[in-house]
Amino acid sequence: MNILVTGGAGFIGSHLVRLLVNKYPAYQIVTFDALTYAGNLANLKDVMAAENHHFVKGDITSEQEVKAAFENYQITDVIHLAAESHVDRSIEGPMEFVHTNVVGTVNLMNQARAYWKSGEGHVFYHVSTDEVFGSLGSEGFFTEVTPYDPRSPYSASKAASDHFVSAYYHTYGFPVKRSNCSNNYGSNHHPEKLIPLMINNILNKKPLPVYGEGINVRDWLWVEDHARAIDLIFHKGAIGCNYNIGGWNEWRNIDLVHELCKIMDEELGRKEGESAKLITCVKDRAGHDLRYAIDATKLFDELGWKPDITFEEGLRSTVKWYLENQDWVKEVTSGAYQEYYNNMYNQR
Ligand code: NAD
Ligand code: TYD
């Protein structure tokens with residue numbers, strides 16, 4: 001197999017590329033990534049030079065760049081993760097989300113169809129999010145048959161791309177698989193997102209901006225458990241399948257931030273309760289979805305997947321990774337990110 005992994009230099013993509021390169025030496029893994037602010041070759045430093053890994057800097061919205069990658073590497077399969085992924089940025093500028101997430105996905109499928117001629121023997125795996133299902137109240141879970149109800153520009157763009165993927169399956173018999181996953185956490189997560197942002201601010205004794213009252217709930221999954229699920233579905237799922245992936249691990253934001261403060265106090269040798277004093281409730285996110293929670297029973301029953309790592313282990317190991325990789329943090333938060341951060345938090 002020659003697998004094109006789009007977005008392979010991003011957070012989840014880099015963990016998936018590492019898994020595939022190490023687990024399948026006979027496959028050729030081609031990371032295709034535009035290296036936007038969210039993509040970073042440092043995420044792949046341990047596999048960049050592997051014999052079965054290749055890197056292509058390219059944009060999924062470009063017909064020529066995608067076509068050339070298919071031809072140059074005789075691509076047999078695609079695992080598609082490239083996307084604009086941050087809800088707050090989608091509120092500030094939705095068009096980029098439409099362009100990358102919708103137009104980019106359709107362009108990729110068009111190039112794959114043109115190159116593969118028939119879908120026989122190929123897989124186009126589309127990685128999506130639970131946010132397409134909208135917002136839950138205090139009870140219930142998203143399942144594979146929950147109707148779509150996206151409420152942020154980000155989730156609307158992901159929902160639109162999911163619909164195009166499904167339309168290509170039904171209309172052209174295009175060989176798709178899809179999964180919708182809950183919030184991931186772990187190493188190499190961009191510090192614009194909740195967990196690394198809080199770790200960074202705790203370390204630097206900066207205010208910890210909790211949106212609203214911090215009562216919103218997210219279901220957190222260790223990123224390597226997500227990568228394992230993708231590997232499993234890619235190999236064992238039927239063409240046309242869709243699976244929900246989640247951690248059975250719901251946390252209110254405010255409780256999670258307190259937990260991070262506790263771990264950081266221990267790791268940094270600070271007095272108990274010192275970091276929690278930095279918690280600052282700020283203006284809420286517009287249209288902030290109250291609760292996401294995944295029922296991943298189908299994936300467990302059909303393919304035997306369940307999360308490996310407890311949240312306790314995963315969160316501690318994530319904190320340690322950030323403390324030990326401050327060069328990485330400095331690199332991804334330098335330049336344009338500082339301006340983004342200041343604008344975002346001055347508004348609040
Ligand atoms: P990320 O923002 O960390 O990485 C996205 C990657 O895509 C970056 O490397 C970036 O350079 C690349 N990219 C962006 N635009 C591109 C373009 N036009 N052409 C080529 N490459 C481009 O995102 P992530 O958190 O790793 O998410 C990966 C995928 O998983 C996304 O599709 C996202 O919707 C989905 N997802 C994420 C989560 C989560 O918790 N992070 C949960 C469920 C699903
Ligand atoms: P985020 O990491 O942006 O993921 P998503 O919006 O895709 O779930 O945010 C996770 C939760 O944390 C979400 O409810 C918004 C909240 N949040 C804050 O309270 N403060 C912050 O600074 C950020 C970035 C997020």
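Some ground rules. This is a predicted model, where local features need pLDDT of at least 70, side-chain atom pairs count only at pLDDT 80 or more, and totals for chains, interfaces and linings use all residues. Residues are numbered from 1 along each chain as its sequence is written, chains are lettered from A and ligands numbered from 1 in the order in which they are written, and side-chain values use heavy atoms, with hydrogens and water left out.

Overall build, then. The protein chain has twelve helices and twelve strands. Those are DSSP runs, numbered from the N terminus: helices are H or I with at least four residues, strands are E with at least two. The radius of gyration is 20 Å, close to the 20 Å from the globule rule for 348 residues, so the chain is as compact as a globular protein of that length. That radius is taken over C-alpha atoms, and the rule is 2.2 Å times the number of residues to the power 0.38. The C-alpha atoms fill a box of roughly 60 × 45 × 40 Å along the principal axes.

How much is buried? Of the 348 residues, 56%. Buried means under 20% relative accessible area, exposed over 50%, and partly exposed in between, with a 1.4 Å probe and protein chains only.

Start with strand S1, residues 2-6. Five of its five residues are buried. Asn2, Leu4 and Thr6 sit on one side, Ile3 and Val5 on the other. S1 runs parallel to strand S2, residues 28-33, with five bridges between them. Strands pair if DSSP finds at least two bridges between them. Asn2 has Gln28 in S2 as its bridge partner.

Next, helix H6, residues 194-203. Eight of its ten residues are buried. Among them are Ile195, Pro196 and Leu197.

Now some backbone. Most residues other than glycine have a negative phi. Which way does Lys205 go, positive or negative? Positive, at about 55°. Lys205 lies in the loop between H6 and strand S8 (208-211). Leu35 also has a positive phi, about 50°. Leu35 is in the loop between S2 and strand S3 (53-57), and is partly exposed at 25% relative accessibility.

On to salt bridges. We find 17 in the whole structure. The criterion is a side-chain nitrogen of Lys or Arg within 4 Å of a carboxyl oxygen of Asp or Glu.

Take Arg18 and Asp46: their closest N and O atoms are 2.8 Å apart. Arg18 is in helix H1 (residues 11-23) and Asp46 in the loop between S2 and S3, so this pair links parts of the chain 28 residues apart. Arg18 is buried at 18% relative accessible area. Asp46 is exposed at 51%.

Asp88 and Arg285 form another, at 2.7 Å, N to O. Asp88 belongs to helix H3 (residues 87-92), Arg285 to the loop between strand S12 (279-282) and helix H9 (297-303), and they are 197 residues apart. Both are buried.

One more: Arg316 and Glu267, 2.9 Å, N to O. Arg316 is in helix H10 (residues 311-324) and Glu267 in helix H8 (residues 253-268), 49 residues apart. Arg316 is partly exposed at 27%, and Glu267 at 28%. Back to Asp88 and Arg285: shared partners join them with Arg348 into one network of salt bridges.

That is the tour.
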